[in-house]
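Here is a friendly note to read alongside the structure. Please keep the picture open while you go through the points.

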Amino acid sequence: NDYQARFDLALILWAKGDQEAAANQLLEIVRRDRGWNEDGARKQLVKFFDLVGPMEPFTVKTRKKLSSILFS
């Protein structure tokens, strides 16, 4: 339930190259409390998407998960 700790963990996982685990931490924040930190988890995911590239499998798959959370 500590969203800041989860967010920080996501950044650490990303830095270590574990994109999937990092994204999952951020997606869980969005799932639980989208408005946390002025929508910070979603914004960070978008930054990750920009870094990786819009057509990369990671981005495509994670965007689908994010959309599912946001529009369900």
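1. **What you are looking at.** This is a predicted model, in which local features need pLDDT of at least 70, side-chain atom pairs count only at pLDDT 80 or more, and totals for chains, interfaces and linings use all residues. Residues are numbered from 1 along each chain as its sequence is written, and side-chain values use heavy atoms, with hydrogens and water left out.

2. **How helices are named and compared.** Helices here are DSSP runs (H or I, at least four residues), numbered from the N terminus. Two packed helices are described by the angle between their axes and the distance between the axes. The axes are lines fitted to C-alpha atoms, for helices over the stretch in contact, and the angles run from 0 to 180 degrees between N-to-C directions.

3. **α1 with α2.** Start with helix α1 (residues 3–15) and helix α2 (residues 19–32): their axes come within 7 Å and cross at roughly 160°. α1 and α2 are therefore roughly antiparallel to each other (the term is for angles over 145 degrees). The crossing of α1 past α2 is left-handed, a word used if the near helix is turned anticlockwise from the far one by less than a right angle.

4. **Who meets whom in that pair.** Contact means heavy atoms within 4.5 Å. From α1, the residues are Tyr 3, Arg 6, Phe 7, Leu 9, Ala 10, Leu 13 and Trp 14, and they meet Gln 19, Ala 21, Ala 22, Gln 25, Leu 26, Glu 28, Ile 29 and Arg 32 of α2. Sorted by type, the residues of this contact are 10 nonpolar, two polar and three charged. In this sorting, Ala, Val, Leu, Ile, Met, Phe, Trp, Tyr, Cys and Pro count as nonpolar, Asp, Glu, Lys and Arg as charged, and the others, Gly among them, as polar.

5. **α2 with α3.** On α2 the contact uses Gln 19, Ala 22, Ala 23, Leu 26, Leu 27, Ile 29 and Val 30, and on α3 it uses Ala 41, Arg 42, Gln 44, Leu 45, Phe 48 and Val 52. The residues of this contact divide into 10 nonpolar, two polar and one charged.

6. **The core.** Which residues touch the most other members of the largest nonpolar core? Of its 19 residues, they are Ala 22, Leu 26, Ile 29, Leu 45, Phe 48, Phe 58 and Leu 66. At least two core residues come from each of α1, α2, α3 (40–52) and α4 (57–70), and α2 gives the most, with six. A nonpolar core is a set of buried Ala, Val, Leu, Ile, Met, Phe, Trp, Tyr and Cys residues joined through side-chain atoms within 4.5 Å. Buried means under 20% relative accessible area, exposed over 50%, and partly exposed in between (1.4 Å probe, protein chains only).

7. **Phe 58.** Not counting residues up to four places away in sequence, Phe 58 touches Trp 14, Gln 19, Glu 20, Ala 23, Phe 48, Phe 49 and Val 52.

8. Find Gln 25 in helix α2; at 18% relative accessibility it counts as buried. Beyond its neighbours within four places in sequence, Gln 25 is in contact with Arg 6, Leu 9, Ala 10 and Leu 13. Gln 44 in helix α3 is buried at 12%, and its contacts, with neighbours within four places left aside, are Phe 7, Leu 11 and Leu 26. In helix α4, Thr 62 is buried, with a relative accessible area of 1%. With the neighbours within four places left aside, Thr 62 is in contact with Ala 23, Leu 27, Leu 45 and Phe 49.

9. **The loop between α2 and α3.** Is Glu 38 buried or exposed? Glu 38 lies in this loop and is exposed, with a relative accessible area of 66%. Asn 37 is found in the loop as well, and at 46% it counts as partly exposed. Phi of Asn 37 is near 55°, a positive value in a residue other than glycine, and phi of Glu 38 is also near 55°.

Notes
Angles under 35 degrees count as roughly parallel, over 145 as roughly antiparallel, 65 to 115 as roughly perpendicular and the rest as oblique.
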